[in-house]
Amino acid sequence: MKQENTHKTKISSNEIELVDFRINETINGEIYEGIYGINVAKVKEIIQMPETFDLPASPDYIVGVFDLRGVIIPLVDLAIWLKIKEREADLTYNKKRVIIAEFNNLKIGFLVHETKLIRRIGWDKVQAAQFSSNHHNVERGKITGTTQIEDGKTLLILDLEGIIDDLDFYSNKHEKKELQNVNKQFSGNVLIVDDSTIARTLLKKNLKKMGFNVIEAHDGEMALHTLNEIYEQHKENILSYLKLIISDIEMPKMDGFHFAESVKNDERFQAIPLIFNSSICDEFSEQKGKDIGADAYLVKFDAQAFYEEIVKILE
C-alpha cells in the first residue's frame with residue numbers, strides 16, 4: 001500500500017510577470033521598436049531620469065551613478081550595452097525611464113526608452129533564445145528567452161545578470177564564485193536545473209570539488225523527464241543515487257517553482273533535498289520556495305554559502 005502524500009501544494013502557476021519596456025533603434029533607415037521584458041520580481045521601482053555623476057574609468061554603457069534615497073546605484077544604458085545605435089532624437093533623456101532592478105543582491109538602474117505595462121505569460125510560451133548573429137544587433141547571450149505577443153510581435157527577455165560579469169567595480173563578487181576550501185567530501189549525484197550554460201558550468205565545477213557527479217537539465221520539463229529516467233534505473237536506491245536537486249527559478253517551458261512543486265508532490269522524489277539557486281532576491285520568492293517545500297533558497301552565487309548549505313542539508 002502506498003504511503004499517503006501529506007505534502008501536497010498548489011501555489012505555482014508556471015507563469016512569469018514581465019515589465020514590458022522598449023528600446024528604439026534604426027535599421028536601414030527605419031525606426032525599429034525593440035520590445036523587451038524583465039521579471040517583475042527583480043524590479044523595485046521605475047523612475048524618471050535622475051541626476052547622475054560620472055564614474056571614472058567605467059564602460060561606455062555606464063551613464064554614471066546616482067543617489068536613490070542614500071543608496072549609490074550605477075545607471076546602465078541598455079541600448080549601449082546591447083550594442084544598439086540610438087536615434088539622434090533619443091539622445092535627450094526627458095522621456096526615458098529608469099528601471100531600478102535588484103538581483104544577485106545588487107541594485108542597478110537600467111535606462112530604457114519607454115515602459116509600457118506588466119504582462120503575465122506562461123513559461124510554456126517562452127522559448128529559449130536562438131538568434132542569428134545579426135538579429136537586430138543584439139549580442140548572443142544577452143537574451144534568455146523569447147515569447148510572442150499581440151500582432152505577431154516578439155518580446156525578448158533580457159538576461160540582465162550577465163551585466164554583473166561585465167562590470168569591473170563588482171569584480172570582488174567574482175572571487176566568491178569558486179569554492180576555495182572543501183573540508184568535507186561527498187559522493188553520489190546531483191541534478192542541476194538551469195537554462196544558463198554559464199550557471200550550470202559554475203555549479204558543476206563547485207559540485208565536482210565537493211566530490212559529486214553532476215547530471216544536467218536545461219529546464220523544469222527536461223528535469224522531470226530526467227528524474228523519471230533515473231527512477232526507472234534506480235528505483236530501489238534512488239535516495240542514495242541522487243543526493244540533491246539544485247534548481248534555478250526563471251526557465252523556459254517550466255519554471256523552477258512549478259518543477260519543485262511537481263517534485264515535492266511526487267512520493268517517489270519528495271524526500272530528495274531540493275535547493276533553489278536563483279538571482280531573484282526578494283522575500284516573496286524565498287517564502288514561496290519554502291512553502292513549496294524547498295530545503296534552502298540561495299541567491300546566486302556565493303560558493304562558500306553554497307557549500308555550507310549543502311553540508312548542513314546532507315548531514
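Guide: The model is predicted, with local features needing pLDDT of at least 70 and side-chain atom pairs counting only at pLDDT 80 or more, while totals for chains, interfaces and linings use all residues. Residues are numbered from 1 along each chain as its sequence is written, and side-chain values use heavy atoms, with hydrogens and water left out.

Visitor: Why are α5 and α7 called roughly parallel to each other?

Guide: Helix α5 (residues 220-234) and helix α7 (residues 256-264) pack at an angle of about 25 degrees, their axes lying 9 Å apart; angles under 35 degrees count as roughly parallel, over 145 as roughly antiparallel, 65 to 115 as roughly perpendicular and the rest as oblique, and α5 and α7 are therefore roughly parallel.

Visitor: Which residues make the contact?

Guide: With contact meaning heavy atoms within 4.5 Å, G220, A223, L224 and L227 of α5 meet F259, S262 and V263 of α7.

Visitor: What makes α7 largely enclosed by the rest of the structure?

Guide: Buried means under 20% relative accessible area, exposed over 50% and partly exposed in between (1.4 Å probe, protein chains only); 8 of the 9 residues of α7 are buried, so α7 is largely enclosed. These buried residues pack against β12 (189-193), α5, β14 (242-247), β15 and α8.

Visitor: How do you know that the buried residues of α8 line one face of the helix?

Guide: In α8 (residues 283-292) the buried residues are S285, K288, G289 and I292; seen down the axis of α8, they fall within an arc of 100 degrees, so they line one face, the arc being that of the directions from the helix axis to the C-beta atoms.

Notes. Axes fitted to C-alpha atoms, helices over the stretch in contact; angles between N-to-C directions. Helix = DSSP H or I, 4+ residues; strand = E, 2+ residues; numbered from the N terminus.
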